[in-house]
Amino acid sequence: LLLLLLLPQCCHLKAIGCVGFGFIAGSEEGLTEGSCEEYLKYMDHPMLPRGGETRHSSLIAHQNLTTIEGDPECSGRGWLLAGKEPSCVCFHEAAGPDCSESSGKGGRRPKAAIVYLLYGSDKYFELLKSAVSGITMSFLQEFPHYDLVIFHSENFEREDETGRTYLQQIQELTFVPIKFVKIELEYRPEFHERFSKDVPNGMPCGNYSVNYLHMGRFFQYTLFRHPAVAEYDYLWRLDADLETRLGIPCDVFEIAVKSRAVFGYYYYSDFDHHNCGLFEGRNATFAYARAQGFTPKHLEVMPPQSAYIGIWGVFQMSFWKSDKVMAFSDYMDSTALAYTNRLGEQAYYVLATGLLVSPAALHQYAGLGPFMHRGNEIIMGRREVNGFNLIRDDVFCPEASKWDCNEIFECVERTVAPDM
């Protein structure tokens with residue numbers, strides 16, 4: 001409650017049964033006592049099987065579990081990566097070819113960083129200021145032991161009318177020393193000549209700037225190869241225009257360790273636009289697996305238009321820097337789909353994880369939030385259930401499940417604790 005009271009955007013309403021349901025929905029029109037009771041039933045037991053969930057049960061069943069077992073080939077302490085010659089990626093505390101050894105990291109906080117990209121247009125500067133202020137108040141005040149890394153283009157090193165650089169002004173918004181990393185995003189070398197003559201715009205997905213398309217490639221390919229993040233066990237990528245207005249009451253990185261996740265996402269969508277390289281990317285991934293002589297781990301049960309929305313991603317770096325992921329990302333980068341069809345990172349993460357690991361190696365953080373995107377878009381890690389907005393609980397962060405929040409940040413405390 002204290003975290004919410006700190007934020008003026010939030011209204012705090014106490015629901016007594018269904019009396020306050022109209023405040024949750026924003027309007028009482030069309031509501032009945034029965035529909036309200038059905039809503040509360042789902043909100044009190046959000047992990048029960050429900051209509052409206054399009055994912056295969058194997059993709060979400062582990063979200064109920066607080067103890068996650070790895071693959072037996074990896075001693076139950078890691079995930080077996082698909083391939084002609086399968087190999088293990090070990091849990092944080094494990095090591096060795098079959099993960100039977102100790103990494104020496106068990107019981108220790110992971111080395112981790114929050115990552116932003118500030119590139120190109122000045123409009124992202126004001127948005128990132130809100131993002132850095134928000135993540136400082138909502139997360140870093142409680143968990144100050146993690147790094148903050150901002151990759152940026154050269155133009156943000158200049159001074160404005162205040163006599164301070166853009167980067168200095170961002171540093172002033174947080175007590176955490178920021179690691180600023182200047183980068184210049186560019187095409188894959190063999191595409192320079194092609195795209196200098198025919199500048200890509202991501203069509204037919206839409207008309208995008210080259211810098212926007214570069215951003216997609218950065219979060220698929222460049223980030224995991226950059227020496228500035230080589231030291232970290234985990235990265236938490238956040239969009240420069242994502243405001244975490246509500247408190248994040250749990251350690252996101254500790255959840256990644258406990259959930260054994262190689263990838264943590266916030267929002268899953270199965271209706272991403274089909275023109276945005278989804279079918280081309282999916283076909284390329286199956287072609288890659290056939291050429292390599294193995295079967296994808298769970299890609300065949302993912303709906304064709306699946307995406308893990310790119311505003312939020314938590315990465316176990318030993319997976320994303322593994323030889324198998326590096327080889328696949330190099331292959332996908334060679335297709336140029338990030339430029340010709342605007343195949344975004346949100347689709348790439350589905351393809352890479354669906355190709356190589358069990359669905360139990362993924363974790364959804366959707367009990368947190370909602371968050372503000374681009375200054376005017378509400379993002380909630382929710383599913384639609386019989387017409388109602390549902391926020392999926394996170395069994396590793398029950399504190400986040402105390403509140404149900406609507407699209408204008410009105411938050412209603414649950415009258416019955418969720419069934420964990």
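Me: In β16, which residue is the bridge partner of Leu-242?

Reply: His-373 is that partner. Keep in mind that this is a predicted model. Bridges tell you which strands pair. Here, two bridges join β10 to β16, residues 371–373, and these strands run antiparallel.

Me: What is the strand order in the open sheet that holds β10 and β16?

Reply: Read a sheet strand by strand, across its pairings. This sheet has three strands, ordered β10-β16-β17, with antiparallel pairing. Its edge strands, β10 (242–243) and β17 (377–379), each pair on one side only.

Me: How many helices and strands does the chain have?

Reply: The count is 13 helices and 21 strands. For the overall fold, look at contact separation as well. Among contacts in the chain with a separation of 6 or more, 76% link residues 24 or more positions apart.

Me: Which residues touch the most other members of the largest nonpolar core?

Reply: Phe-151 and Trp-320 do, in a core of 59 residues. Helix α13, residues 345–356, gives the largest share of this core, with eight residues. Another core lies apart from it, with 46 residues, including Ile-150, Trp-236, Leu-238 and Ala-400.

Me: What is Phe-151 in contact with, leaving aside its neighbours within four places in sequence?

Reply: Setting those neighbours aside shows what the fold brings to a residue. For Phe-151, the contacts include Val-115, Tyr-116, Leu-117 and Leu-118. Val-181, Ile-183 and Phe-218 also touch Phe-151. So do Leu-223, His-226, Ala-228 and Val-229.

Me: Back to α13. How many of its residues are buried?

Reply: 12 of its 12 residues are buried, so the helix is mostly covered by the under 20% cut-off. The buried residues include Glu-345, Gln-346, Thr-353 and Gly-354, along with Tyr-348, Tyr-349 and Leu-356.

Me: How far does α13 reach from its first C-alpha to its last?

Reply: Compare the span with the expected one. The 12 residues of α13 reach 16 Å, close to the 16 Å expected at 1.5 Å a residue.

Me: Where does pLDDT stay under 50?

Reply: The chain averages a pLDDT of 82, and 78% of the residues score at least 70. Residues 1–31 stay under 50, and the model has 51 contacts for them beyond four places in sequence. Residues 416–420 are also below 50, with 12 contacts in the model beyond near neighbours in sequence.

Methods:
Residues are numbered from 1 along each chain as its sequence is written. This is a predicted model: local features need pLDDT of at least 70, side-chain atom pairs count only at pLDDT 80 or more; totals for chains, interfaces and linings use all residues. Side-chain values use heavy atoms; hydrogens and water are left out. A nonpolar core is a set of buried Ala, Val, Leu, Ile, Met, Phe, Trp, Tyr and Cys residues joined through side-chain atoms within 4.5 Å. Buried means under 20% relative accessible area, exposed over 50%, partly exposed in between (1.4 Å probe, protein chains only). Helices (H or I, at least four residues) and strands (E, at least two) are DSSP runs, numbered from the N terminus. Contact means heavy atoms within 4.5 Å. pLDDT is the predictor's confidence in each residue, from 0 to 100. The expected span of a helix is 1.5 Å times one less than its number of residues. Two strands pair if DSSP finds at least two bridges between them.
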